[in-house]
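Reader: Please take me through one part of this model closely, the surroundings of the ligand. Then go on to the helix packing.

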Amino acid sequence: MNLHEYQGKEILNSFGVRIQRGIVAQTPEEAVTAAKELTEQTGTGWYVVKAQVHAGGRGKGGGVKLAKNLEEVKTISDSILGMMLVTPQTSAEGKLVNQVLIAEDVYYPGDSEPEEFYISVLLNRATGRNMVMYSTEGGMDIETVAEETPHLIFTEEIDPTLGILPFQARKIAFNLGLKGNALKEMTKFVTALYTAYDKSDASMFEINPVLKTSDDKILAVDAKVTLDENALYRHKDYVALRDIREENPIEVEAKAAGLNYVDLDGNVGCMVNGAGLAMGTMDLIKQAGGDPANFLDVGGTADAKRVETAFRIILKDSNVKAILVNIFGGIVRCDRVAQGVVDAYTNMGDAIKVPIIVRLQGTNAAEAKELIDNSGMKIISATEFQEAADKVQEVLS
Ligand code: GDP
Ligand code: MN
């Protein structure tokens, strides 16, 4: 689950990580009130208005702007709120901005040497350990740094039982070129950041930039946080942080129906039971020259109701030109599923305009095939996996 910058910063703050402070606002009027309150809290006279959307590169897209007084807070907020923000990380249409963060300006006027770093914590899947990834090249997007100057990116692996050790935090601060007080502050920052990542069951914390002011304060200016959804049950207070306006509406609906659905770019809709079989099905579609439109695991109970819901969700994607149903009847009997497919098809009437290829294997597979073949409907049956994928390609060509 992805979070907004302001939510990520709240979590950081709760673990003692110093942040650029801010207050979120939904309207230009709220933005002005927020700015006044922020001045009371921090003494700041200048503000940064920051679009809150689940995408990075907002600065480049015009979603982060400096305001030098309350009037500017109002006009800038007015122009950013409601805009479709296009950044290097959004689609061409961009993302609707529903909220702005009014943040204190932390780049002091006259600060001749503000330094920006990149620091993230994430899982290294190759070693199965968390790591701190960091670079002196803050403020730029890290993909570019990785491509052009990979030697400027460092990593520090953390032992899961020991957590981040003092020498590791000092090493990171040292490698970032810091000395004296700044080194001490950075050591504290990195330690608190790692603790925040660990204790909140996050899968990523990316702070870009981390700022060092000329008076040696180290603080998080940005925060990109992804929480592990499977661990949300032990963080009840984080559940409310979900902003479904930022998520794919079909995926949101599928989740509400208890289906495991991931939207993809291709044109072959897939309805499968079991995540492993679903992955295998996608591979086979690819090998046959096709492109899956989604990942969909309907789970153990593929009854008529569930099959119908799955069809409706798959068909919301207008790119879908054929649907492949690939179900293994282990616990569920194939003829039951076949009846489910036929019933769903009947119920949906004209809603299904694309060919459906059905492969059912397992208990009562022969009865199931007979049921499909005798249904008088435009459902194509297949017995073998390869045959099913080939039939999909036939109807598409
Ligand atoms: P991103 O573009 O989505 O990564 O958003 P960031 O939060 O990283 O902000 C983008 C850029 O805005 C930063 O790299 C900074 O250069 C600039 N910025 C952020 N906060 C401040 C601030 O307090 N004062 C000034 N002058 N610039 C800021
Ligand atoms: Mn950033």
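Author: Ligand 1 is surrounded by 17 residues. Lys-50, Arg-58, Gly-59, Asp-105 and Val-106 are the closest of them. This is a predicted model, so every distance here is computed from predicted coordinates.

Take the contacts one at a time. Lys-50 places a polar side-chain atom 2.7 Å from an oxygen atom of ligand 1. Arg-58 also uses its side chain: a polar atom there lies 2.7 Å from an oxygen of the ligand. Gly-59 uses its backbone instead, with an N or O atom 2.7 Å from an oxygen atom of ligand 1.

Now the helix pairs. Two packed helices are described by the angle between their axes and the distance between the axes.

Start with α5, residues 166-175, and α6, residues 180-199. They pack at an angle of about 125 degrees, and their axes are 8 Å apart. Because of that angle, α5 is oblique to α6. The crossing of α5 and α6 is right-handed. On the α5 side, Ala-169, Arg-170, Ile-172, Ala-173 and Phe-174 make the contact. On the α6 side, the residues are Leu-183, Met-186, Thr-187, Val-190 and Thr-191. By class, the contact of α5 with α6 has seven nonpolar, two polar and one charged residues.

An α-helix has 3.6 residues a turn, so residues three or four places apart point the same way. Keep that in mind for the contact lists.

Next come α10, residues 304-315, and α11, residues 334-348. Their axes come within 8 Å and cross at roughly 55 degrees. That angle is why α10 counts as oblique to α11. α10 passes α11 in a right-handed crossing. From α10, the residues in contact are Ala-304, Val-307, Glu-308, Phe-311, Arg-312 and Leu-315. They meet Gly-340, Val-341, Asp-343, Ala-344, Asn-347 and Met-348 of α11. Sorted by class, the contact of α10 with α11 has seven nonpolar, two polar and three charged residues.

Last, look at the two ends of α8, residues 249-256. At its start, a side-chain oxygen of Asn-248 reaches to within 2.8 Å of the backbone nitrogen of Ile-250. Just after α8, Gly-258 takes a positive phi of about 80 degrees.

Key: Residues numbered from 1 in each chain as written. Chains lettered and ligands numbered in written order. Predicted model: local features only at pLDDT ≥ 70, side-chain atom pairs only at ≥ 80, totals over all residues. Heavy atoms only, no water. Axes fitted to C-alpha atoms, helices over the stretch in contact; angles between N-to-C directions. Helix = DSSP H or I, 4+ residues; strand = E, 2+ residues; numbered from the N terminus. Parallel < 35°, antiparallel > 145°, perpendicular 65-115°, else oblique. Left-handed = near helix turned anticlockwise from the far one by under 90°. Contact = heavy atoms within 4.5 Å. Nonpolar A, V, L, I, M, F, W, Y, C, P; charged D, E, K, R; others polar. Near = heavy atom within 4 Å. Polar contact = N/O pair within 3.5 Å; in protein donor to acceptor, adjacent residues only side chain to side chain.
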